[in-house]
Amino acid sequence: MMSEIIHLYHTNDFHSHFENWPRIVEFLKERRLLHQETGEEALILDIGDHVDRWHPYSEGTLGKGNITLLNEAGYQYVTIGNNEGITLPHDALDCLYEQAEFEVLVANLYEEQDRRPKWVLPYSIHTTKQGTRIALIGLTAFFQKFYSALGWEVKEPFVELQTQLQQIRGEADIIVVLSHLGLNDDEKMAEDFPEIDIILGAHTHHVLHQGKLVNDVLLCGAGKFGFFIGQVEIDFDEHRGITKKSAYLYDTNELPELVGEREWIEAMYHAGGEALQEVVTNLPEPLHNDWFQRERLSEILCSSLREWAEADCAFLNAGLLLEGLPSGVVKKGDIHRICPHPINPCVIEIQGNELKEILLQSRNEEWPHLQVRGFGFRGKVMGTMLYDQIEFVQTTNGVVKQININGNKLQPHDMYKLVLPDMFTFGYFFPQIQRLKNKEYLMPEFLRDILIWKLKKMYPDY
């Protein structure tokens with residue numbers, strides 16, 4: 001071997017948005033054939049969050065349908081994102097890749113007691129037909145509390161990366177990291193580990209049309225939802241190493257529409273299988289919901305959250321329910337449709353004076369119409385806030401003069417258990433909650449599982 005050209009095709013953060021999948025599969029098929037004809041090596045990789053349980057196909061198959069799609073498309077190496085890692089129950093993730101025809105690379109994921117899951121490799125060394133050795137290392141986001149609650153152990157990514165780089169020293173000509181960590185971490189990784197050649201990124205949905213060079217490490221990112229397919233072209237010489245590395249993105253909207261693709265996409269919404277046909281209850285009357293006022297269904301969800309968590313009080317936003325339920329038979333698929341979010345309850349133990357501050361902040365008049373993106377939320381707008389066992393006593397001009405918890409005046413130095421959707425423990429909503437250490441995430445149940453539990457209790461004789 002003197003020199004060769006190697007191609008890496010990568011996708012990330014699909015989140016089960018299958019509307020672009022047929023074109024991507026056709027594109028990858030054509031590219032594979034092209035490179036076979038020219039004698040060039042091509043690898044196909046996914047950088048995590050392919051599974052997202054908002055979609056009925058992924059929900060009904062608990063992600064195994066996504067693995068079938070990846071197999072059919074010819075993927076060779078993948079890592080996992082937080083949607084695979086922490087939105088599936090332990091047993092569901094443990095068997096997710098049983099039929100995978102590709103290698104799953106996650107260096108920083110362990111079972112308890114430092115055992116690696118049987119379906120995971122920390123890295124793989126791919127040897128091209130001409131003998132070039134490509135080390136591929138997978139890393140996933142460090143959501144430690146969530147993984148621990150599900151019986152997994154996730155380690156600090158850079159510590160694990162250092163270990164794996166030592167393992168492969170002298171064993172690889174090219175080092176590629178499949179990073180579901182986000183752009184900021186990828187930039188820091190490039191600064192701290194200059195021996196890496198290429199970082200294929202994900203998690204923050206960043207779009208890098210020609211990549212980004214940091215410390216001579218090429219960072220790549222292909223956005224989200226299959227809007228783009230990424231390609232990295234590497235010119236490699238056995239004596240000089242990498243002589244050129246270039247990144248490109250292909251806009252899937254610019255790829256030709258395929259015969260039957262719209263029918264296929266529509267069929268995917270009805271392919272959730274029997275799991276979503278299970279009857280939950282038979283409602284004697286409709287349960288309405290409105291994003292901007294109190295309605296029966298959102299009140300039921302809020303009270304069920306408090307009961308499930310055995311908390312003193314609860315609040316949530318009405319936008320979590322996309323619509324109400326008509327009278328008659330209600331199936332799991334109906335509950336999934338109106339509450340598709342991969343969101344878990346979180347319980348915080350908090351002193352009364354801090355609870356008062358949070359509750360007053362929750363009354364932010366701008367929030368109901370806020371369009372929320374991320375944090376597991378799969379709806380449109382925040383919606384008005386609903387409370388259970390929380391009463392605001394106001395003056396005639398609307399000023400809160402007292403807050404009651406379970407009928408009693410909130411005491412500033414007493415401790416209270418508040419349960420709320422985990423989306424409020426992230427980001428900019430409640431900074432003081434984000435900083436709190438005594439948070440307990442109740443997993444693996446989503447809000448919709450708790451709603452099902454409550455409806456079965458309320459209407460047992462269906």
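Residues 24 or more positions apart account for 73% of the contacts in the protein with a separation of 6 or more, a contact being heavy atoms within 4.5 Å. This is a predicted model, in which local features need pLDDT of at least 70 and side-chain atom pairs count only at pLDDT 80 or more, while totals for chains, interfaces and linings use all residues. Residues are numbered from 1 along each chain as its sequence is written, and side-chain values use heavy atoms, with hydrogens and water left out.

**Overall build**

- The protein has 14 helices and 24 strands; these are DSSP runs numbered from the N terminus, with helices being H or I of at least four residues and strands being E of at least two.
- The radius of gyration is 24 Å, close to the 23 Å that the globule rule gives for 462 residues, so the protein is as compact as a globular protein of that length. The radius is taken over C-alpha atoms, and the rule is 2.2 Å times the number of residues to the power 0.38.
- The C-alpha trace spans about 80 × 50 × 40 Å along its principal axes.
- Of the 462 residues, 56% are buried. Buried means under 20% relative accessible area, exposed means over 50%, and partly exposed lies in between (1.4 Å probe, protein chains only).

**Aromatic pairs**

- The structure holds 25 aromatic pairs. Rings of Phe, Tyr and Trp (its six-membered ring) pair if their centres lie within 6.5 Å; planes under 30 degrees apart count as stacked, over 60 as edge-to-face and the rest as tilted.
- One of these pairs is Phe18 with Tyr57, edge-to-face at 5.9 Å centre to centre with 80 degrees between the planes. The pair links distant parts of the chain, 39 residues apart: Phe18 is in the loop between β1 (3-11) and α1 (21-38), and Tyr57 is in helix α2 (residues 56-61).
- Phe18 is buried at a relative accessible area of 1%, and Tyr57 also counts as buried, at 12% relative accessibility.
- The ring centres of Tyr387 and Phe392 are 5.0 Å apart and the planes stand at 75 degrees, so this pair is edge-to-face. Both Tyr387 and Phe392 are buried.

- One aromatic cluster is formed by Phe315, Trp367, Phe375, Tyr387, Phe392, Phe424, Phe429 and Phe430.
- Ser362 lies in the loop between α12 (352-361) and β19 (385-388) and is buried, with a relative accessible area of 3%.
- Leaving aside neighbours within four places in sequence, Ser362 is in contact with Phe315, Trp367, Met385, Tyr387 and Phe430.

**Charges over rings**

- The charged end of Arg363 sits over the ring of Phe392, 4.5 Å from its centre. A charge sits over a ring if NZ of Lys or CZ of Arg is within 6 Å of the ring centre and within 35 degrees of the ring normal.
- Lys155 lies over the face of Tyr110, at 4.4 Å from the ring centre.

**Salt bridges**

- A search of the whole structure finds 20 salt bridges, each a side-chain nitrogen of Lys or Arg within 4 Å of a carboxyl oxygen of Asp or Glu.
- Glu98 forms a salt bridge with Lys64, the closest N and O atoms being 3.5 Å apart. The two are 34 residues apart and the pair links distant parts of the chain, with Glu98 in the loop between α5 (90-94) and β4 (103-104) and Lys64 in helix α3 (residues 64-73).
- Glu98 counts as exposed at 53% relative accessibility, whereas Lys64 is partly exposed at 34%.
- Lys188 and Asp192 meet in a salt bridge of 2.7 Å, N to O. Both residues lie in helix α8 (residues 183-192), four residues apart, about one turn of the helix.
- Lys188 counts as partly exposed at 43% relative accessibility, and Asp192 counts as partly exposed at 39%.
- Lys457 forms a salt bridge with Glu307, the closest N and O atoms being 3.5 Å apart. The pair links helix α14 (residues 447-458), which holds Lys457, to helix α10 (residues 296-309), which holds Glu307, 150 residues apart.
- Lys457 is partly exposed, with a relative accessible area of 48%, and Glu307 counts as partly exposed at 27%.
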